[in-house]
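Subject: Structure handover

Hello,

Here is the structure I said I would pass on. Please open it first, then read the notes below with it on screen.

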Amino acid sequence: MKDVRLSRRQVLKGAGAVGVLGALGIPTTVFADDSRVRWDIINVDFSTGTLSAGGKASARANDGSKITLTGSGTFGSGDEGGVTGGGMWTTFNPTGTQTATGTYKVRRLVSWVTAPGTPPLPNDNIGIRADESAGLAVLGIRYSDGSRGVLTVSCHLVGTSDAVFEGITTTKGFVDYWNREAPVGPPTPVNADRTNFHIVRED
């Protein structure tokens, strides 16, 4: 599968970036034939080794302020528009005080690239474990307060290159929440900041 090489700097050029790329004939998606991809910010039960939908993940801006997201959705090659999903967002100032909250909706797929890796957990409540995939998805989103952003969902599995992070980053208006919160693992794991993709071949 051919990779799409679209840097974060390129993505953040603005809402017109996707249109410019299209006009130049540069592809911004990569799919297996007739496939659909589901992305999730996941919830993990460490006692049973089970992943489920409904988790949360956070990232911080340059001043230490934070955004926390929930969410899931799908994208694929067969539908016009091709995207579904969204979730909740909450922002916090650098001292940890909540400043705003609301919902967001995915409006478009900017890019998607799979990565190699093996699922680390034995149980999957979202889909079929064999359909899990590491990878990087970049999604254009709109927040309920009217601001827009670019959500990056990155999934690192066992054997995935250490250049691939686990978690999310996002922009909201003119603020770039670029510094993802890394997931905390054993011996005292924290149930946050984890993601997952499932690639499902459609009939």
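Start with Thr50, whose bridge partner in strand S8 is Asn123. Keep in mind that the model is predicted.

**Strands S1, S2 and S8**

Strand S2 (residues 50-53) and strand S8 (residues 123-124) run parallel and are paired over 2 bridges. S2 also pairs with strand S1 (residues 35-45), this time antiparallel, through 4 bridges. Along that pairing, Ala53 in S2 stands opposite Ile42. S1 and S2 make a hairpin with 4 residues between them. In its turn, Gly49 has a positive phi of about 65°.

**Salt bridges**

Side chains of opposite charge can pair when their charged atoms come close. How many salt bridges does the structure hold? There are 4.

One of them joins Arg38 to Asp40, with 2.7 Å between the closest N and O atoms. Arg38 is partly exposed at 30% relative accessible area, whereas Asp40 is buried at 0%.

Another joins Lys66 to Glu181, and here the closest N and O atoms are 3.9 Å apart. This pair links distant parts of the chain: Lys66 is in strand S4 (residues 66-69), Glu181 is in the loop between S13 and S14, and 115 residues separate them.

Lys172 lies in strand S11 (residues 167-172) and Asp145 in the loop between strand S9 (132-143) and strand S10 (148-155), so the pair ties together parts 27 residues apart in sequence. Lys172 is buried, with a relative accessible area of 14%, while Asp145 is partly exposed at 46%.

**Asp193**

Where is Asp193? Asp193 sits in the loop between strand S13 (179-180) and strand S14 (195-201). Asp193 is buried but has no salt bridge. The nearest side chain of opposite charge belongs to Arg194, 6.7 Å away, and a salt bridge needs the nitrogen and oxygen within 4 Å.

What does the side chain of Asp193 reach at 2.8 Å? It reaches the backbone nitrogen of Ser58. Leaving aside residues up to four places away in sequence, Asp193 touches several others, including Lys56, Ala57, Gly167 and Pro183.

Regards

How values were computed: Residues are numbered from 1 along each chain as its sequence is written. This is a predicted model: local features need pLDDT of at least 70, side-chain atom pairs count only at pLDDT 80 or more; totals for chains, interfaces and linings use all residues. Side-chain values use heavy atoms; hydrogens and water are left out. Buried means under 20% relative accessible area, exposed over 50%, partly exposed in between (1.4 Å probe, protein chains only). Lys and Arg count as positive and Asp and Glu as negative; His and the chain ends are not counted. A polar contact is a pair of N or O atoms within 3.5 Å; within protein, one must be able to donate a hydrogen and the other to accept it, and residues adjacent in sequence count only if both atoms are side-chain atoms. Contact means heavy atoms within 4.5 Å. Two strands pair if DSSP finds at least two bridges between them.
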